[in-house]
Amino acid sequence: MRYSREHKQETHDRIVKKASVRLREKGAHGIGVADLMKEAGLTHGGFYAHFDSREALVIEAFAYAMDRSMEHWRKITGEASPEKRLALIAEAYLSALHRDNPGHGCSIPSLGAEIARESPKTRKAFAGKLDEMIEMMTDYVPNQPRKAARKQAIATLATMAGTMLLARIAGSSELSDEVLKAGRDSALGGAKREPVKAAPARKKQN
């Protein structure tokens with residue numbers, strides 16, 4: 001039986017969506033192709049009708065996950081004033097809800113360490129999405145030269161992702177909550193930083 005192009009695309013998208021959740025929950029190598037296809041309601045043999053390799057699926061799945069993260073950030077900051085947007089992202093990111101639901105959260109703390117050991121092709125694809133995320137956050141840093149805004153965005157994202165990784169290592173515990181609070185305070189401190197002011201000109205001395 002032959003399926004329409006639309007049906008094939010819908011099936012492809014369903015596999016990617018399922019994979020994006022399971023990979024964030026279990027890691028890049030924590031679940032096999034057969035299990036992923038079964039969860040999508042398909043047979044193992046149908047996998048290669050949609051993807052050239054497992055690597056191709058991993059790349060699409062984490063790209064989908066990172067796109068969903070950025071979509072979520074746009075949604076929660078849509079009505080906020082420019083100076084509050086980065087702080088809103090940091091508050092939502094460094095929450096117990098995000099910590100306890102890795103399958104629906106950011107890919108960086110869930111998969112970053114594993115992706116760093118993957119092939120150059122996978123790392124390049126991940127780096128491209130990471131740069132998109134940084135550029136988006138840079139847009140949310142008002143009243144700063146672009147270079148300074150990007151530097152602040154990178155620092156804030158690094159604080160957020162590192163904090164979430166440590167909080168998940170500690171589990172749902174007092175230490176985990178303490179890590180989240182410390183990271184949140186640090187990230188919000190950077191997000192609410194005052195605009196850069198030019199230094200007053202020095203008077204010439206005779």
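UniProt positions are given in the numbering used here, feature names are shortened, and annotations may be inferred rather than shown by experiment. On that basis, the unreviewed UniProt entry annotates residues 9–69 as "domain: HTH tetR-type". The structure is a predicted model, in which local features need pLDDT of at least 70 and side-chain atom pairs count only at pLDDT 80 or more, while totals for chains, interfaces and linings use all residues. Residues are numbered from 1 along each chain as its sequence is written, and side-chain values use heavy atoms, with hydrogens and water left out.

The mean pLDDT (the predictor's confidence in each residue, from 0 to 100) of the protein chain is 87, and 90% of the residues score at least 70. Over residues 194–199 the pLDDT stays under 50. For that stretch the model has five contacts (heavy atoms within 4.5 Å) beyond four places in sequence.

The protein chain contains nine helices and zero strands; helices (H or I, at least four residues) and strands (E, at least two) are DSSP runs, numbered from the N terminus. The order of elements from the N terminus is α-α-α-α-α-α-α-α-α. Along its principal axes, the C-alpha trace spans about 90 × 40 × 35 Å. Of the contacts in the protein chain with a separation of 6 or more, 67% are accounted for by residues 24 or more positions apart. Of the 206 residues in the protein chain, 39% are buried, where buried means under 20% relative accessible area, exposed over 50%, and partly exposed in between (1.4 Å probe, protein chains only).

The annotated span 9–69 is 67% helix and 0% strand, and its end C-alpha atoms lie 22 Å apart. UniProt (unreviewed entry) also lists residues 32–51 as "DNA-binding region". Residues 32–51 are 35% helix and 0% strand, with end C-alpha atoms 14 Å apart. T11 lies in helix 1 and counts as buried because its relative accessibility is 6%. Leaving out residues up to four places away in sequence, T11 touches L42 and H50.

In soluble globular proteins, nonpolar side chains tend to be buried together. M160 is in contact with W73, I89, A90, Y93, L94, M137 and A187, its neighbours within four places in sequence being left aside.

I115 belongs to helix 6 (residues 107–115) and is buried because its relative accessible area is 3%. Apart from residues up to four places away in sequence, I115 touches V58, F62, T122, R123 and F126. I115 and I15 are 100 residues apart in sequence, and their C-alpha atoms are 20 Å apart in space. A127, in helix 7, is twelve residues from I115 along the chain, with a C-alpha separation of 9.7 Å. A127 counts as partly exposed because its relative accessibility is 40%. In helix 8, L165 is also partly exposed, at 40% relative accessibility. L165 and W73 are 92 residues apart in sequence and 19 Å apart from C-alpha to C-alpha.

Grid points are joined across faces, edges and corners, and a volume is the space filled by probe spheres set on the points. The largest pocket holds about 510 Å³ of space. It is lined by 23 residues (an atom within 4 Å of a point), of which R68, S69, H72, H104 and G105 are the closest to its centre. Helix 1, helix 3, helix 4 and helix 5 (96–99) each give two or more residues to this lining. The largest share of the lining, nine residues, comes from helix 3.

Conventions:
1 Å grid on protein atoms, 1.4 Å probe; cavity = no way out; pocket = protein on both sides within 12 Å on 5 of 7 lines; lining within 4 Å.
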